[in-house]
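Take a look at the model before reading on.

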Amino acid sequence: WYDRKDQSKVNLTDIQLLCAMGPPGGGRNIITPRFLRHFNIVAINEFEDKTMITIFSKILLWHISVKGFNDSFRNLAPKIIDATLSIYKEAMKNLLPTPAKSHYIFNLRDFARVVQGLTLSDTESCPDIFSMQRLWIHEIFRVYYDRLVDDTDRKWLFDYTGTCTHKHLEEDFNSILSHLDDKKSGKVSEDNLRSLMFCDFGDPKNEARRYLECTDFNLLRQVVEQDLDEYNQIN
């Protein structure tokens with residue numbers, strides 16, 4: 001190395017440089033062999049589909065068993081994992097990072113976040129399989145949809161989630177979300193789907209902090225405004 005002011009030579013000692021990177025493409029540049037030759041390269045191959053299905057199915061089935069869900073939920077678990085895997089793989093193919101969408105980086109953590117959201121359920125928050133399916137749709141949209149900045153990308157995810165619901169869950173997307181459909185068309189729109197929300201703070205009577213579907217948005221607004229006022233007073 002050389003000092004840029006007087007071009008004197010600089011020796012660097014006892015320095016370790018650790019870098020993390022993805023493969024070239026989607027806005028990521030190629031690293032030259034001349035630079036790479038200074039490093040030891042450690043890489044991990046992507047898990048096979050069968051491996052991911054095994055891992056996340058075990059987690060979800062364990063949750064269903066511990067929380068005392070019935071057999072219908074046990075039969076639903078593999079279908080949910082298959083649908084999540086399909087969205088995870090297609091998102092990485094279709095939602096690529098660009099200079100304007102540099103945060104479009106989807107990986108195994110996103111798969112795990114969806115499953116983690118499902119494990120917040122219990123028999124009271126999800127009394128039937130339709131509520132569990134709605135919870136799955138909610139988690140997909142919180143993990144993926146909320147990060148999208150382009151209307152075309154949002155429309156793609158909305159349509160593909162409906163496709164996966166029909167293909168893997170073997171249910172009609174509009175039937176699961178019938179309480180959110182447009183009364184004229186009888187179908188769920190993107191705007192209506194924004195009303196699908198699960199949280200643990202939407203009802204003051206929910207002392208156990210269960211992860212419940214929010215049905216009263218006026219009450220939710222009051223709770224949020226009250227909590228915000230308390231926070232502002234303290235801080």
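Q: By class, how many residues in the lining of the largest cavity are nonpolar, polar and charged?
A: This is a predicted model. The largest cavity is lined by I137, H138, F141, R142, Y145, L193, R194 and L196. Sorted by class, its lining comes to five nonpolar, one polar and two charged residues.

Q: Which helix gives the largest share of the lining of the largest cavity?
A: The lining includes I137, H138, F141 and R142. Four residues of the lining come from a helix that spans residues 129-143. The helix with this largest share is α5.

Q: How much space lies in the largest cavity?
A: The structure holds one cavity of 30 Å³ or more. The space in the largest cavity is about 50 Å³.

Q: How many helices and strands does the protein chain have?
A: Read along the sequence, the pattern is α-α-α-α-α-α-α-α-β-β-α. The secondary structure therefore comes to nine helices and two strands.

Q: Is the protein chain more spread out or less spread out than a compact globule?
A: For 235 residues, the globule rule gives 18 Å. The radius of gyration of the chain is 23 Å, well over that value. The C-alpha atoms fill a box of roughly 75 × 50 × 40 Å along the principal axes. Because its radius of gyration is well over the rule, the chain is more spread out than a compact globule.

Q: Which element gives the most residues to the lining of the largest pocket?
A: The largest pocket holds about 1400 Å³ of space. The elements that give two or more residues to its lining are α1 (33-36), α2 (49-66), α3 and α4. With three residues, the element that gives the most is α3.

Q: Which residues lie nearest the centre of the largest pocket?
A: The pocket has 36 lining residues. By class, they are 26 nonpolar, five polar and five charged. Nearest the centre lie M21, G22, P23, A43 and I44.

Q: How many residues in the lining of the second largest pocket are charged?
A: About 230 Å³ of space lies in the second largest pocket. Its lining is made of W1, L12, I15, Q16, L17, H38 and F39. Five of these residues are nonpolar and two are polar.

Q: At roughly what angle do the axes of α3 and α4 cross?
A: Helix α3 covers residues 71-94, and helix α4 covers residues 108-118. Their axes come within 10 Å. The crossing is right-handed. Its angle is roughly 150°.

Q: Which residues of α4 meet α3?
A: On the α3 side, the contact uses I80, I81, T84, L85 and Y88. By class, the contact has nine nonpolar, one polar and no charged residues. The α4 residues are L108, F111, V114, V115 and L118.

Q: How many charged residues does the contact of α4 with α5 have?
A: In this contact, D110, R113, V114, G117 and L118 of α4 meet M132, L135, W136, E139, I140 and V143 of α5. Seven of the contact residues are nonpolar and one is polar. The charged residues number three.

Q: Is the crossing of α4 and α5 right-handed or left-handed?
A: The axes of α4 and α5 are 9 Å apart. The two helices pack at an angle of about 145°. The hand of their crossing is right-handed.

Conventions: Residues numbered from 1 in each chain as written. Predicted model: local features only at pLDDT ≥ 70, side-chain atom pairs only at ≥ 80, totals over all residues. Heavy atoms only, no water. Axes fitted to C-alpha atoms, helices over the stretch in contact; angles between N-to-C directions. Left-handed = near helix turned anticlockwise from the far one by under 90°. Contact = heavy atoms within 4.5 Å. Nonpolar A, V, L, I, M, F, W, Y, C, P; charged D, E, K, R; others polar. 1 Å grid on protein atoms, 1.4 Å probe; cavity = no way out; pocket = protein on both sides within 12 Å on 5 of 7 lines; lining within 4 Å. Points joined across faces, edges and corners; volume = space filled by probe spheres on them. Rg over C-alpha atoms; globule rule 2.2 N^0.38 Å.
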